[in-house]
Amino acid sequence: MKRGYDESSSSGLLGPPQSKFKYNPEIEAYLVSICCPGDAEFLEDASTKIFARKVADHYSARTNQTLEEREASPIIHLKKLNNWIKSVLIQLYTRKGDAVLDLACGKGGDLIKWDKAKIGYYVGIDIADGSIEDCRTRYNGDADHHQRRKKFSFPARLLCGDCYEVRLDKVLADDAPFDVCSCQVRNNMNNDLSLMIYLNDNGFNKILVAILLTELSTFCVADGLAFGNSVYWIRFDEEFENKKFRSSSPFGIKYKFHLEDAVDCPEWIVPFDVFKSLAEEYGFELVLVKNAHAFVDEYLKIPEYIELMRRLGALGDGKDDQSTLSQDEWEVAYLYSAFVLKKRGQPEQSRTTSGRWDKGKMHLLKQDIMHISDEV
Ligand SMILES: C[S@@+](CC[C@H](N)C(=O)[O-])C[C@H]1O[C@@H](n2cnc3c(N)ncnc32)[C@H](O)[C@@H]1O
C-alpha cells in the first residue's frame with residue numbers, strides 16, 4: 001500500500017497513515033469541483049447576492065479561535081498539512097518583491113507565509129467584513145496580545161466585497177499589475193472564467209490555487225450515493241443514482257461536501273480536462289497539478305520543507321510530539337489538489353515590481369479598508 005512520505009527519510013517525523021486510496025498520476029477521472037463555501041441552511045441558489053451575503057455573514061460570525069480550541073479540532077492535523085502545502089506552494093512560486101493579490105484572503109491566515117516569501121506588496125479582498133477586520137488587526141500585529149509579532153515587511157491594502165461581483169479591473173486599476181494571485185475559493189464556472197479574463201488582461205504572471213478534487217471512481221465504487229468517514233462525507237444528488245454522467249453536459253453535477261469543523265456546502269463537479277482547456281483558452285497554462293498525497297510524497301524529501309513540516313506539526317515534531325494525521329484526515333487530504341496556472345508566454349524573469357512602497361500602507365486603520373460593491 002502506498003504511503004505519502006518517504007519511509008527511508010531520516011526526518012524523524014511520523015508519516016501519514018496508510019491509505020486505502022492509491023494515487024495514480026495517470027488517472028483521467030479526476031474532477032475539479034467548484035466550491036461555494038457556505039452553510040447547510042443557505043445552500044440553494046449560489047448565484048444570488050443573498051447567497052453571497054450569507055457566505056459573508058457565515059465567515060464573519062466565525063470568531064477567532066483560541067489556540068486550545070484550534071488544537072481540539074478533529075481536523076487539526078489536516079489544517080496543519082494544508083498550511084504546509086500552501087507554504088510550500090508560496091515558497092516555490094513567489095519571488096522577492098512580488099505584488100500579490102490574495103482573493104478571499106479571509107482573516108489573513110497566509111500573511112506570515114507571504115512575509116517569509118519577502119513579497120513587495122499585498123492586496124487582500126474578502127467578502128466577510130468581520131474577517132477582513134481580523135485580517136487588518138493581524139496585519140498590524142495586534143491580533144494576538146500574548147504573542148505580538150513583528151511588523152510585516154510589505155505594504156498592504158485591504159478591500160471588502162464580493163470578488164466575483166465587482167469590476168476588479170476598475171477597483172484595482174492603480175494596483176495592477178500583480179505577479180501572483182492566490183485564490184482558495186471558487187464560485188461558479190462563469191465567474192471563475194471572468195476572473196481568469198481579468199487576470200489575463202491585467203498582467204498576472206501566476207495564479208496559485210488550492211482546489212478540491214474528487215475522484216469519480218471513488219463515487220462509482222461506493223455503495224449508494226454517499227461515501228466518507230468520521231470527518232467528511234460526500235453525497236451526490238438522487239439524479240445521479242445510476243452513476244452515469246453525460247460527457248455532453250459536463251457541468252452541473254452537484255454533490256454536497258461536509259468536512260467537520262470546516263465546510264458544509266454544495267459543490268459542482270467539472271471534468272478536469274474541460275477546466276484545463278478553458279484555462280488554456282483564456283491564456284493560462286497549467287504548470288502544476290498535484291494531489292495532496294503526491295505533493296507530500298514529492299516535497300517532503302526536501303530538507304527545508306521537512307523542517308517546515310516539523311514546525312507546523314502535521315506529522316508530529318520529530319521529537320516529543322507524537323500526534324499525527326489520522327487515517328480519516330489523510331483520506332480527506334486525498335480529495336485536495338494544488339494547482340498553479342501561469343500566464344502563457346510570460347518569461348520567468350520578468351517581474352512586474354520590486355516593492356510598491358508608494359501603494360498600500362504599513363499600518364492599516366479601520367477606514368483604510370475599502371468597501372467595494374458592484375456599483376464601482
Ligand atoms: C477557506 S477561507 C480562505 C481563507 C484564507 N485563504 C486563509 O487561509 O486564511 C474562504 C474565504 O472566502 C471568502 N469568500 C467566499 N466567497 C467570496 C467571494 N465571492 N468574494 C470574496 N471572498 C469570498 C470567505 O469570506 C472566506 O473568508
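Two strands count as paired if DSSP finds at least two bridges between them. Helices (H or I, at least four residues) and strands (E, at least two) are DSSP runs, numbered from the N terminus. Between β7 and β8 the chain makes a hairpin through 3 residues. β8 also runs antiparallel to strand β9 (residues 253–259), with 5 bridges. There, F236 stands opposite Y255 in β9.

Some ground rules. Residues are numbered from 1 along each chain as its sequence is written. The model is predicted: local features need pLDDT of at least 70, side-chain atom pairs count only at pLDDT 80 or more, and totals for chains, interfaces and linings use all residues.

Now the confidence. pLDDT is the predictor's confidence in each residue, from 0 to 100. Its mean over the protein is 76, and 68% of the residues reach 70 or more. A contact means that the C-beta atoms of two residues, placed from the backbone, lie within 7 Å. Residues 22–46 also stay under 50, and for them the model has 68 contacts beyond four places in sequence. Where pLDDT is low, the predicted coordinates should not be read in detail. For the complex, the predictor gives an ipTM of 0.98 and a pTM of 0.83.

The overall picture. The protein has 12 helices and 13 strands. Of its 376 residues, 38% count as buried. Buried means 20 or more other C-beta atoms within 10 Å of the residue's own, exposed means 12 or fewer, and partly exposed is in between, with C-beta atoms placed from the backbone. Of the contacts between residues at least 6 apart in sequence, 75% join residues at least 24 apart.

Next, strand β3 (residues 121–126). Because 6 of its 6 residues are buried, β3 is largely enclosed by the rest of the structure. Y121, V123 and I125 are buried on one side, and Y122, G124 and D126 on the other. In a regular strand the side chains alternate between the two faces of the sheet. β3 pairs in the parallel sense with strand β2 (residues 99–103) over 5 bridges, and L101 stands opposite V123. From β2 the chain crosses through helix α4 (residues 111–116) to β3, a right-handed β-α-β crossover: with the strands pointing away from the viewer, the path from the first strand over the helix to the second runs clockwise. β3 also pairs with β4 in the parallel sense, over 5 bridges, where the partner of D126 is C160.

Last, helix α11 (residues 303–312). Y305, I306 and M309 are buried there. Seen down the axis, the buried residues fall within an arc of 105°, so they line one face of α11; the arc is that of the directions from the helix axis to the C-beta atoms. P303 and E304, on the other side, are exposed. What covers the buried residues includes α3 and α10 (292–299). After α11 comes G313, with a positive phi near 80°.
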